[in-house]
Amino acid sequence: MTPERVIKNPDLIRVAFAGTPPAGRKLSSLAAEAAFRLTVKEQQGTCAYQEWKGALSPHDVMCANKHLCSPRPSVLQRRQGLCSQCIRTPSDVFYVVRNPYTQIVKFGITSGNGSDRLNTHKRDGFTEIVYIHKNFSRARQLEDTMKILLRNCGFQPIRGHEYFRDNALPFIRSILPVQGVFL
Ligand SMILES: [Zn+2]
């Protein structure tokens, strides 16, 4: 997400600030903060800073793996990862989770035993673990391949690049390596 896109679609400001953007700020400043907040959310992080200090200053954020990190919004916008600790730790877990109410499946990668990431998804309603493959050095390649194959086979993500309707699940299952655990 970029400030330019937010300015073109000002509804995103309300989305980013959950209804009430701070008063008395210029549109450019609000758009910069909104873009940052939306990018953090896209990467499954949580904002932990008190006050916006401009796009060039570091801002405290909790990443999806619960590391406290301080990305600079201007740098994050150029598609660097949210958290320097996560960038240094190679992803070696591939998982598929499902929300039984919305009937949406999501796949993704993380590192270690994956429990922090899976608990974050659980709180978002993704309570069913469909598949988990730990100590899997090709987790990132599988994620990339999965996205490409789904797209090539006509499955459209309903959010981001890795959230799909249930009807994609048989296809996803058919690609998963048998070495992982199917639950
Ligand atoms: Zn991290």
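The model is predicted, so local features are given only where pLDDT is at least 70, side-chain atom pairs count only at pLDDT 80 or more, and totals for chains, interfaces and linings use all residues. Residues are numbered from 1 along each chain as its sequence is written.

Two residues are in contact if their C-beta atoms, placed from the backbone, lie within 7 Å.

**Strands**

Helices (H or I, at least four residues) and strands (E, at least two) are DSSP runs, numbered from the N terminus. Strands of a sheet pair through backbone hydrogen bonds, either parallel or antiparallel. Two strands are counted as paired if DSSP finds at least two bridges between them.

Strands E1, E2 and E3 form an open sheet in that order, with antiparallel pairing. E1 and E3 (68-69) are the edge strands, each pairing on one side only. Met62 stands opposite Leu68 in E3.

Strand E4 (residues 93-99) has 6 of its 7 residues buried. A residue is buried if 20 or more other C-beta atoms lie within 10 Å of its own, exposed if 12 or fewer, and partly exposed in between; C-beta atoms are placed from the backbone. E4 pairs with E5 and also with E6. In E5, Ile109 is the bridge partner of Phe94, and in E6, Tyr131 is the bridge partner of Val96. E4 and E5 form a hairpin with 4 residues between them.

| Strand pair | Sense | Bridges |
|---|---|---|
| E2 (residues 61-62) and E3 | antiparallel | 2 bridges |
| E4 and E5 (residues 104-110) | antiparallel | 7 bridges |
| E4 and E6 (residues 128-133) | antiparallel | 5 bridges |

**Helix H7**

Helix H7 (residues 139-152) has 14 residues and spans 20 Å from its first C-alpha to its last, close to the 20 Å expected at 1.5 Å a residue. The expected span is 1.5 Å times one less than the number of residues. Ala139, Met146 and Leu150 are the buried residues of H7. Seen down the helix axis, these buried residues fall within an arc of 20 degrees, so they line one face of H7. The arc is that of the directions from the helix axis to the C-beta atoms. The buried residues pack against E4, E5, strand E7 (163-165) and helix H8 (169-175). On the other side of H7, Gln141, Thr145, Ile148, Arg151 and Asn152 are exposed. Gly154, which follows H7, has a positive phi near 90 degrees.

**Two loop residues**

Gln44 is not a glycine, yet has a positive phi of about 60 degrees. Gln44 sits in the loop between helix H3 (27-42) and strand E1 (46-47) and is partly exposed, with 18 other C-beta atoms within 10 Å. Gln103, also not a glycine, has a positive phi of about 55 degrees. Gln103 lies in the loop between E4 and E5 and is exposed, with 11 other C-beta atoms within 10 Å.
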